[in-house]
Amino acid sequence: MASLVRSGRGLFITLEGIEGCGKSTQARLLANRLRATGRTVTLTSEPGGTRVGRAIRSALLTPGRKVGPLAEWLLFEADRAQHVAEVIRPALEKGNVVISDRFSDSSRAYQGFGRGIGLDEVDRVDAVATGGLKSDLTIVLDLPVSEGLARRRRAGGLNRLDRERERFHQKIRDAFLVLATREPDRIRVVDGRIGRGEVSEVILRHVTAALAGR
Ligand code: TYD
């Protein structure tokens with residue numbers, strides 16, 4: 001398995017966190033900053049990083065849809081399997097830096113902890129979906145749930161998962177922090193309350209260290 005786990009020639013970075021934590025903005029800023037230094041960057045996201053993934057995304061996130069926890073989880077994994085095969089692995093093989101707005105740690109937090117499926121079960125199936133690919137570096141943007149949800153409400157258009165109760169989102173925030181303590185080298189927690197520019201600086205420092213370590 002070990003040979004499958006590395007991300008090949010490129011560097012695989014993922015951004016994670018609760019709704020409204022600012023990771024999509026930070027993913028874009030990071031991509032721009034790395035491109036400015038001459039790196040080739042593939043910026044992508046889950047769910048919905050491929051054509052089939054966009055159909056899965058709509059099945060998953062349309063408000064009012066009835067989706068059980070098992071089907072929800074396996075749809076996220078199906079989306080990921082296609083995303084890895086079609087977008088992520090080919091870009092890493094070319095030597096690109098790949099930045100994904102959400103990846104396996106979202107399933108580990110939302111489905112493993114949030115839906116109670118369990119981390120071991122999620123990890124087992126996720127490893128099949130990804131062919132064993134793990135991120136080299138994951139940034140968790142940490143933010144109090146009330147702030148994240150308030151930001152999301154201001155932006156409008158709450159999706160099916162945004163509409164979960166506050167207690168669910170609290171579980172997810174805690175889950176990301178637990179995951180980070182278990183793998184402190186791969187998962188770095190960044191305080192999402194400091195200004196946007198400062199968050200971007202801290203992320204860039206982690207990424208620069210990861211690039212230097214290759
Ligand atoms: P999205 O609109 O992409 O929001 P965000 O900006 O928060 O990423 O919504 C994606 C939703 O799907 C979000 O609530 C997190 C959830 N999700 C899971 O539950 N499991 C997963 O594996 C992934 C990738 C996302």
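The legends below describe close-up views of a predicted model. Residues are numbered from 1 along each chain as its sequence is written, and side-chain values use heavy atoms, with hydrogens and water left out. Local features need pLDDT of at least 70 and side-chain atom pairs count only at pLDDT 80 or more, while totals for chains, interfaces and linings use all residues.

**View A. The largest pocket.** The largest pocket holds about 800 Å³ of space. A pocket is an open set of points on a 1 Å grid over the protein atoms alone, where a 1.4 Å probe fits, with protein on both sides within 12 Å along at least five of seven lines; lining residues have an atom within 4 Å of a point. Points are joined across faces, edges and corners, and a volume is the space filled by probe spheres set on them. Of the 37 lining residues, Gly20, Lys23, Ser24, Arg102 and Arg152 lie nearest the pocket centre. The lining comprises 11 nonpolar, 14 polar and 12 charged residues (nonpolar: Ala, Val, Leu, Ile, Met, Phe, Trp, Tyr, Cys and Pro; charged: Asp, Glu, Lys and Arg; polar: the others, Gly among them).

**View B. The largest cavity.** One cavity of 30 Å³ or more is counted, a cavity being a set of grid points where the probe fits but cannot get out. The largest cavity has about 30 Å³ of space. Its lining consists of Gly17, Ile18, Val140, Leu141, Asp142, Leu143, Arg173 and Phe176. Strand E4 (137-142) and helix H8 (166-182) each give two or more residues to this lining (DSSP runs numbered from the N terminus: helices H or I, at least four residues; strands E, at least two).

**View C. Nonpolar cores.** The largest nonpolar core has 40 residues, and Ile13, Leu30, Leu34, Ile99, Ile203 and Val207 have the most contacts inside it. A core is a set of buried Ala, Val, Leu, Ile, Met, Phe, Trp, Tyr and Cys residues joined through side-chain atoms within 4.5 Å; buried means under 20% relative accessible area, exposed over 50%, partly exposed in between (1.4 Å probe, protein chains only). A second, separate core of eight residues includes Val84, Ile88, Phe103 and Leu133.

**View D. Histidine 83.** Histidine 83 belongs to helix H4 and is buried, with a relative accessible area of 0%. Neighbours within four places in sequence aside, histidine 83 is in contact with residues including Thr44, Glu46, Ile88 and Ser100 (contact: heavy atoms within 4.5 Å). The histidine 83 side chain makes a polar contact with the side chain of glutamate 46 (2.9 Å); a polar contact is a pair of N or O atoms within 3.5 Å, and within protein one must be able to donate a hydrogen and the other to accept it, with residues adjacent in sequence counted only if both atoms are side-chain atoms.
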